[in-house]
Amino acid sequence: MPAFGPTSKPVYVILGSGGHTSEMVKIIQALFQLSEEPGYYKPQKYLLATTDTTSKIRFKKALEESINHHIEPDAFIEVPRSREVGQSWLSTIFTTLYAFIWSFWLIFRDQPRLILCNGPSTCVPFCIAAYLWRLVGRLERGTKMIFIESFCRVHTLSLSGKILLHFVDLFVVQWQPLADKYGHMENVKYFGNIM
């Protein structure tokens, strides 16, 4: 079990569009079903891109129907996306900087005790901001970052995974080829297919 318990400091769950949201639903379902202590992973704040029009509805509905987990409307935080699909690389510089400013502010304000993500680019600024706040002593060392590489990544890491591999506390891969390639790193763990 992670070295933290119930507190007012939130667990950040970072949602992404499409398959990332479906995978995160399964991860959260497992957390609630496997946790020995009710409320262990509460309170939760769900971060999603302002331009993501479907994840909030899909995520809320799936959790309320599957594990009877009611999500308050204020549990969702809309944040700027670093890069939209098809966005030019030049303009990405500016949108990423804007996303970093938001990330630094939210991490400082909320002091999350866990950041849980599974690959959307929205998670990159938050994990790096948390890492840097820890370096300068403005975020507790107990704050953990867990990155679960997407189920569809069998042989290569996603771009988000490649960026965050050296920043997160736990990096979970779901396929043996990735475990063979990155298993020598202390923070990389392979538990088999967890979806």
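At which residues does UniProt place the feature "transmembrane region"? The UniProt record, an unreviewed entry, places this feature at residues 89–107 and 113–136; UniProt positions are given in the numbering used here, feature names are shortened, and annotations may be inferred rather than shown by experiment.

The model is predicted, and local features need pLDDT of at least 70, side-chain atom pairs count only at pLDDT 80 or more, and totals for chains, interfaces and linings use all residues. Residues are numbered from 1 along each chain as its sequence is written, and side-chain values use heavy atoms, with hydrogens and water left out.

**The two annotated spans**

Residues 89–107 are 100% helix and 0% strand, and the end C-alpha atoms of this span lie 26 Å apart. Residues 113–136, by comparison, are 54% helix and 17% strand, with end C-alpha atoms 16 Å apart. Helices (H or I, at least four residues) and strands (E, at least two) are DSSP runs, numbered from the N terminus.

**Two helix pairs**

Two packed helices are described by the angle between their axes and the distance between the axes. Here the axes are lines fitted to C-alpha atoms, for helices over the stretch in contact, and angles run from 0 to 180 degrees between N-to-C directions.

| Helix pair | Angle between axes | Distance between axes |
|---|---|---|
| α1 (residues 19–34) and α2 (residues 55–67) | roughly 30 degrees | within 10 Å |
| α3 (residues 89–110) and α4 | about 55 degrees | 8 Å |

From its angle, the pair α1 and α2 is therefore roughly parallel, whereas α3 and α4 are therefore oblique to each other. Angles under 35 degrees count as roughly parallel, over 145 as roughly antiparallel, 65 to 115 as roughly perpendicular and the rest as oblique. The crossing of α1 and α2 is right-handed, and α3 likewise passes α4 in a right-handed crossing; a crossing is left-handed if the near helix is turned anticlockwise from the far one by less than a right angle, and right-handed if clockwise.

For α3 and α4, the contact (heavy atoms within 4.5 Å) brings Ala 99, Phe 100, Ser 103, Phe 104, Leu 106, Ile 107 and Phe 108 of α3 together with Pro 125, Phe 126, Ile 128, Ala 129, Ala 130, Leu 132 and Trp 133 of α4. The residues of this contact of α3 with α4 divide into 13 nonpolar, one polar and no charged, where Ala, Val, Leu, Ile, Met, Phe, Trp, Tyr, Cys and Pro count as nonpolar, Asp, Glu, Lys and Arg as charged, and the others, Gly among them, as polar.

The contact of α1 with α2 is made by residues including Met 24, Val 25, Ile 28 and Phe 32 of α1 and Arg 58, Phe 59, Ala 62 and Leu 63 of α2. The residues of the contact of α1 with α2 divide into eight nonpolar, six polar and one charged.

**Residues of helix α4**

Cys 127 is found in helix α4, which runs over residues 123–135. Because its relative accessibility is 0%, Cys 127 counts as buried, the cut-offs being under 20% relative accessible area for buried, over 50% for exposed, and in between for partly exposed (1.4 Å probe, protein chains only). Not counting residues up to four places away in sequence, Cys 127 touches Ile 115, Cys 117, Met 145, Leu 164 and Val 168.

Leu 132 and Phe 104 are 28 residues apart in sequence and 8.9 Å apart in space, C-alpha to C-alpha.

Trp 133 is likewise found in helix α4, and, leaving aside neighbours within four places in sequence, Trp 133 is in contact with Phe 104, Ile 107, Phe 108, Arg 138 and Leu 139.

**Loops and backbone geometry**

Most residues other than glycine have a negative phi, and most peptide bonds are trans. Gln 111 has a positive phi of about 50 degrees although it is not a glycine; Gln 111 is placed in the loop between α3 and β4 (114–117) and is buried, with a relative accessible area of 16%. A cis peptide bond, with omega of about -5 degrees, joins Lys 42 and Pro 43, and Pro 43 lies in the loop between α1 and β2 (44–49).

Gly 16, in the loop between β1 (11–14) and α1, is buried at a relative accessible area of 4%. Beyond residues up to four places away in sequence, Gly 16 touches Thr 21, Asp 52, Ser 55 and Pro 120.
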